[in-house]
Amino acid sequence: MKIWVDADACPAVIKEIIFRAADRTKIETTLVANHGMRIPPSPFIKMLRVSSGFDVADNEIVKRLNAEDLVITSDIPLAAEVIEKSGQALSPRGELYTKSNIKSRLNIRDFMDTMRASGVNTGGPPALNQQDKKAFADNLDKILTKAR
């Protein structure tokens, strides 16, 4: 198992949780982004910089993904592709995307896109809170424990 992080939009506090988990479990973890970012010195944590462009990072993750790998992303279409390739997808808020919930998540995403395109101000997601961080850390720990 490897961990892939859709790092462009991943909150710093979530990255810190991922870094600690990678070192603790000795699982290879790669952050994929279209700009450079700091990562701690660790033999288990790498940075893969991709060119800018629509879905370039997502496509690179899908290309390199193996079954059972874990992808950290808030991008619903990327999560759907990960699940289709028998990988696991976890949102930075701790939601585990599965075959049983990804279709409804895609439908909600598409509906919200339609609303925004028609001029409705849907606001954005609420700020990450302590419950989100705990849910993420708990679900990440469950996935990594099960993988060992």
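Helices (H or I, at least four residues) and strands (E, at least two) are DSSP runs, numbered from the N terminus.

## Model and conventions

This is a predicted model, in which local features need pLDDT of at least 70 and side-chain atom pairs count only at pLDDT 80 or more, whereas totals for chains, interfaces and linings use all residues. Residues are numbered from 1 along each chain as its sequence is written, and side-chain values use heavy atoms, with hydrogens and water left out.

## Overall fold

The protein chain holds five helices and six strands, and from the N terminus on these elements follow the pattern β-α-β-β-α-β-α-β-β-α-α. Its radius of gyration, taken over C-alpha atoms, is 15 Å, which agrees with the value near 15 Å that a compact globule of 148 residues would have under the rule of 2.2 Å times the number of residues to the power 0.38. Along the principal axes, the C-alpha atoms fill a box of roughly 50 × 30 × 30 Å.

Of the 148 residues, 38% are buried, a term that stands for under 20% relative accessible area, with exposed meaning over 50% and partly exposed in between (1.4 Å probe, protein chains only). Among the contacts (heavy atoms within 4.5 Å) with a separation of 6 or more, 49% join residues 24 or more positions apart.

## The sheet

The six strands form an open sheet of mixed pairing in the order S3-S2-S1-S4-S5-S6, where two strands are taken to pair if DSSP finds at least two bridges between them. Strand S3 (45-49) and strand S6 (96-97) stand at the edges with a single partner strand each, so one side of each is left without a neighbour in the sheet. Strand S4 (residues 70-72) pairs with strand S5 (residues 88-90) in the parallel sense over three bridges, and Val-71 stands opposite Ala-89 in S5.

## Two buried strand residues

Thr-30 belongs to strand S2 (residues 29-33) and counts as buried because its relative accessibility is 6%. Apart from neighbours within four places in sequence, the contacts of Thr-30 are Ile-3, Trp-4, Val-5, Lys-46 and Leu-48.

Leu-90, which lies in strand S5, is likewise buried, with a relative accessible area of 0%. Leaving aside neighbours within four places in sequence, Leu-90 is in contact with residues including Leu-70, Val-71, Ile-72, Leu-96, Tyr-97, Phe-136 and Ile-143. Between Leu-90 and Phe-136, the separation is 46 residues in sequence and 7.9 Å in space, C-alpha to C-alpha.
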